Amino acid sequence: MQTERKIRVLIAKPGLDSHDRGAKVVARALRDAGMEVIYTGLRQTPELIAETALQEDVDVIGLSILSGAHKTLFPRIMNLLKKKGLTDVTVFAGGIIPEEDVAEMKKLGIKEVFGPGTTTELIIKYVCENVPKRT
Amino acid sequence: MTKVEELTQGVLSGDVRSIARAITIIENNAPEAKKLVSSIYPHTGKAHIIGFTGAGGAGKSTLIEKIVREYRRNGKTVGVVAVDPTSPFTGGAFLGDRIRMQELSTDPGVFIRSMASRNYPGGIARATKDAVKVLDAAGKDIVIVETVGAGQSEVEIIKVAQTVVVIHAPGLGDEIQAIKAGIMEIADIFVVNKADRENASKTAMDIQAILQLNNKETAWKPPVLKTAALTGEGVPQLIEKIEEHRLLLEKGLKHKRSREKAEAELIEAIKEKVVSSVLEDLRKEGKFEQLVGKIVEREIDPATAAEKLLKKALKDAEA
């Protein structure tokens, strides 16, 4: 038996969106790229997302948001992740996040923000290249 | 302190991060995996391990959510390992069982872990039984394993669980399906879920009828229960039956089952060890590749080739 590390990704939908086509498209694409993808389902609180990331021991978290509440929800999520010691997890975001908010999101520790029209190939490449190293 | 000692302590104290990391290490078969399992092993054997299996869409995850809630009301802590299939083509997996139980995530008395089967046969993953050990050692009173959506012959769960619940949904077959070997034989408890649907009673009766054909005298006769996972109907009765079964196991069956489980695990561990060491030797000699070529050219069949290759290895073992 050899060591076999798989990339584990959490795709999460914080807040009150009722639309998750985009999240599912990304989840499916990452699955087809050979990753193990956990999807939270809709309407997740920051606590649920952080706790799920902890229990599932994921390498990467993708946050999908369309409601415009990213400035309220993302800081809470990032704070909780830090509190739980999940500082070695790569977090990226997607959905509808205005250009002028991107810098602020990155300051929170969100490593990349993907807007509408991003190809799944690009996201796969990004995730592969940004899996945190672990000892 | 070594990493393994640190993790073991974390697991034993119920630290969520340590539990999660330990399971990942086991899943990936990382270099410290074996040591980790052997260091937590003495602390296992306390939890009651319940397996849930049945066809995809029967309502396993939804029912488990309700069951966990009921256990929590009774003051028990619960660990869940939910297995979903890995793609045989890409190696990827979409782990979706958790969605049905997601609201339980923030309950500190509950730990849920999604697991990809990584193409292990039989409806669970290779790492499932050791992940169960981690949750057991972490002090969970109840550990629930949800198999992948299982067909007729995915019965590996009996090697992991002490009580096996097989879940059916109405309308998926008649009594001829119920008389077949395999999954219908492993149930300690049958559940017909979606009891609010038409035909639920008929399905329950079909199963009941086939069970009555069993003329062996046994200490435990698998009951057939009806539940509606969405409303929680029938869940307290199911837990009662699980508890009855657990008590029966405690009284005597447990020893027999533990021995059977231990035997199966030992055989599996030997197989794994033998196969990997023998294969490694064979590959080194180059004869392996040569025979693969001959099999492709139809000069030799795989079974004869294996015999040829193993002749020497088996002789060595005999001597």
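Student: How far apart do the C-alpha centres of domain 1 and domain 2 of chain B lie?

Tutor: In this predicted model, the two centres are 26 Å apart. Domain 1 of chain B covers 1-43 and domain 2 covers 45-252. Each of domain 1 and domain 2 of chain B gives 17 residues to the contact.

Student: What is the size of the interface between domain 1 and domain 2 of chain B, as buried area?

Tutor: An interface's size is often quoted as the accessible area lost when the parts come together. Domain 1 and domain 2 of chain B bury about 1500 Å² between them, with 64% of it on carbon and sulfur atoms. The rule also finds 2 salt bridges across this interface.

Student: What makes B:E27 and B:R118 a salt bridge?

Tutor: Their closest N and O atoms are 3.9 Å apart. The cut-off is within 4 Å, so the pair B:E27 and B:R118 qualifies.

Student: Why is B:D206 called buried?

Tutor: Buried means under 20% relative accessible area. B:D206 has 10%, so the term applies. B:D206 sits in helix α7 (residues 200-212) of chain B. Leaving aside neighbours within four places in sequence, its contacts are B:G173, B:D174, B:E175 and B:A178.

Student: Why is B:I270 called partly exposed?

Tutor: The relative accessible area of B:I270 is 46%. Buried is under 20% and exposed is over 50%, so a value in between is partly exposed. B:I270 belongs to helix α8 (residues 235-285) of chain B.

Student: Which residues form a nonpolar surface patch with B:I270?

Tutor: B:L266 and B:V274 form the patch with B:I270, and together the three have about 270 Å² of accessible area. Patch residues need over 30% relative accessible area, and B:I270 has 46%.

Notes:
Residues numbered from 1 in each chain as written. Chains lettered and ligands numbered in written order. Predicted model: local features only at pLDDT ≥ 70, side-chain atom pairs only at ≥ 80, totals over all residues. Heavy atoms only, no water. Patch = residues over 30% accessible without salt bridge, like charges linked within 9 Å, V, L, I, M, F, W, Y side chains within 5 Å. Areas by Shrake-Rupley, 256 points an atom, 1.4 Å probe, with all protein chains shown as cover. Salt bridge = Lys/Arg side-chain N within 4 Å of Asp/Glu carboxyl O. Helix = DSSP H or I, 4+ residues; strand = E, 2+ residues; numbered from the N terminus. Buried < 20%, exposed > 50% of the residue type's maximum accessible area, 1.4 Å probe, protein only. Domains from an automatic or database assignment. Contact = heavy atoms within 4.5 Å. Buried area = accessible area lost by both parts, 1.4 Å probe.
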